[in-house]
Amino acid sequence: MSSNKLTTSWGAPVGDNQNSMTAGDRGPTLIQDVHLLEKLAHFNRERVPERVVHAKGAGAHGYFEVTNDVSKYTKADFLSEVGKRTPLFIRFSTVAGELGSSDTVRDPRGFAVKFYTEEGNYDIVGNNTPVFFIRDAIKFPDFIHTQKRDPKTHLKNPTAVWDFWSLSPESLHQVTILMSDRGIPATLRHMHGFGSHTFKWTNAEGEGVWIKYHFKTEQGVKNLDVNTAAKLAGENPDYHTEDLFNAIENGDFPAWKLYVQIMPLEDANTYRFDPFDVTKVWSQKDYPLIEVGRMVLDRNPENYFAEVEQATFSPGTLVPGIDVSPDKMLQGRLFAYHDAHRYRVGANHQALPINRSRNEVKNYQRDGQMRFDNNGGGSVYYEPNSFGGPKESPEDKQAAYPVSGIADSVSYDHNDHYTQAGDLYRLLSEEERARLVANIVGAMKPVEKEEIKLRQIGHFYKADPEYGRRVAEGLGLPLQEENK
Ligand code: NDP
C-alpha cells in the first residue's frame, strides 16, 4: 500500500523528524534514537571525493544523430546508418579548480560525452582544445601539481606553473590556445569540443584509418573578455552551469556538429608531425573535416549528484569499430580514468544508472563494495563453463597492428614544439594577438624567478619572433640570445 509516510533508510515509518529523543525534557540525547544516529551518520558521508582534476562540472542529456554515412570507415553500430539516433550524456568541466570554484576562469574545459549505444557505452573524453600540455602520461601528476595549490601556502603558484611549462616546451601550443581569447569561453554552449587524441576506426572488413574528432558548436564560438570573466567569477561563480541549465530548461537546446579528420594508416609513417603526439593537430588543409552527425542537448539532469557527480567517463570505454592509437597520453589515460572512478565512486561504478550500459552487461565480474544489482544471481560465475554462460565474440576483437622496436623509455622523436604554436599566433588578428600577449604578461608577472620568464620568452620567440618580442616587452625583459 502506498503512503506518504517518512521512513528511515531501512523503510520503517519515522515517528518524529523534528525532535531528538532525550532522557527527560532537559536530559541528554539518547543513543537509542537510531533514526537520529542514521540521519547524522549518512549526512557525514554525503560527499564522495571530488575529482582530482575536472572537479567542477555541469552535465546534460541529449542525443546524437548520424547525418553522413561513415560506415565504410567504421563498423561502430551507432554510426551505422544516416538518421540513427543514440542517447547520450555530456559533462563539461573546468580542470584545475575545486568543486566550488568559479566557472569563468582561464582553463581548458572538459568535454566528456557518453554515447549509450546498442553495443555498449562509448565515451569520447576530450577537451575544448584540440591539443594538450604534455604528451606522455608519466608527466601528468607533476603537471597537475603545478596547476593546484602550493603545499605550503595553499595558494595557486604561478612560479610553479611557468617553471613546469618553460621546462616542458611541448606545452607551448596548448599554452597559446589557453592564453588566447578561447581560454575563457562565453558559455559551455559557445565552444568547440575535441577528442584530442588520435583514435582508430575499423570497418567490417577489418580495414582501419586513424581519426580525430571535432565537435563544432552550432551556437558559434564566443568568449568572455577578461574583465567580465573576473567580475562574473565573483558575482556568479556558477555562471556557466546556470547558463547551460537555463538554456535547456527554456527549450533552447544547444547543438554541435561532429566531424572527423581521417588519415590513412600508412600516412602516419610519413606525416610531417607525429600524428599520435597530442600536442599537435593535423592540419585541416591536409585532412579536411568530414561530417559525421549532430549532437543535441535537450534534457537537464533530474539529480545533480546521481547523474553529474557520479558520471564516470574513460577514453577506454570503447565499442567495436573504435580502437585506440599509440598516443602515450591516451595509453596512460586508459588506466587512469577507470582507476580514478574505482577509488572515487567504487568498484561497481559502471552499474550505476547514469553509467550503466543500455544493453545488458553479461560477464563474470561479481561482488565488490556496493554491488547493488542482483550480482549475477545464480548464473554461472566463471569461464570457460559448461552451463551456457556468455562467450567472447572474436569478430569484436580490437584491431591488430604491427609493432617493432626495443622496449625502452623513449621520447617522441619529433621535437618541433614551435611551428604549430606559431601557426596559431600567425592566424590571429592584431587585436587577438594583443590580447594573447596581455594575458600572458599578466599571468607571468608574478613569476618569482627571472630565469623562468626568460626561458619561456625564448619559446614564444621560437614560435614566432614577434610573439617572443612582444611578451618580452610586456614583461620589461630582454630577449636573450641563448634563448632565441
Ligand atoms: P586552418 O586554418 O585550417 O584552421 C585553423 C583552426 O584554428 C580553425 O579550426 C579555427 O577554429 C582555429 N582557431 C582560431 N582561433 C583559435 C584560437 N584562439 N584557439 C584555438 N583555435 C583557434 O589551419 P590548420 O588546420 O592548418 O591549423 C593551423 C593552426 O590552427 C594550428 O597550428 C592550430 O594551432 C590551430 N587549430 C588547428 C586545428 C586543427 O584541427 N587543424 C583545430 C584548432 C586549432 P574555427 O573552426 O572556430 O574557426
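## A salt-bridge network

Glu430, Arg433, Glu466 and Arg470 are joined up in a network of salt bridges. Keep in mind that this is a predicted model. Across the whole structure, a search turns up 28 salt bridges.

Side chains of opposite charge can pair when their charged atoms come close. Take Asp238 and Lys56: their closest N and O atoms sit 2.9 Å apart in a salt bridge. Asp238 is in the loop between α5 (226-235) and α6 (239-249), while Lys56 is in the loop between α1 and β1 (57-66), so this pair ties together parts that are 182 residues apart in sequence. Lys56 is buried at 7% relative accessible area, whereas Asp238 is partly exposed at 37%.

Arg189 and Asp252 also meet in a salt bridge, at 3.6 Å from N to O. Here the loop between α4 (172-179) and β5 (193-194) holds Arg189, and the loop between α6 and β8 (255-264) holds Asp252, so the pair ties together parts 63 residues apart in sequence. Arg189 counts as buried, with 12% relative accessibility; Asp252 is partly exposed at 45%.

## A pair of sequence neighbors

Glu46 forms a salt bridge with Arg47, with 3.9 Å between the closest N and O atoms. Arg47 is exposed at 66% relative accessibility, and Glu46 is partly exposed at 36%.

## A nonpolar patch

Trp10, Ile31, Val34 and Leu37 make a nonpolar surface patch of about 440 Å². Val34 belongs to helix α1 (residues 34-44) and is partly exposed, at 45% relative accessibility.

## The annotated domain

An unreviewed UniProt entry lists residues 7-391 as "domain: Catalase core". Over that range the chain is 21% helix and 19% strand, and the end C-alpha atoms are 44 Å apart.

How values were computed. Residues numbered from 1 in each chain as written. Predicted model: local features only at pLDDT ≥ 70, side-chain atom pairs only at ≥ 80, totals over all residues. Heavy atoms only, no water. Patch = residues over 30% accessible without salt bridge, like charges linked within 9 Å, V, L, I, M, F, W, Y side chains within 5 Å. Areas by Shrake-Rupley, 256 points an atom, 1.4 Å probe, with all protein chains shown as cover. Salt bridge = Lys/Arg side-chain N within 4 Å of Asp/Glu carboxyl O. Helix = DSSP H or I, 4+ residues; strand = E, 2+ residues; numbered from the N terminus. Buried < 20%, exposed > 50% of the residue type's maximum accessible area, 1.4 Å probe, protein only. UniProt positions renumbered as here; feature names shortened; annotations may be inferred.
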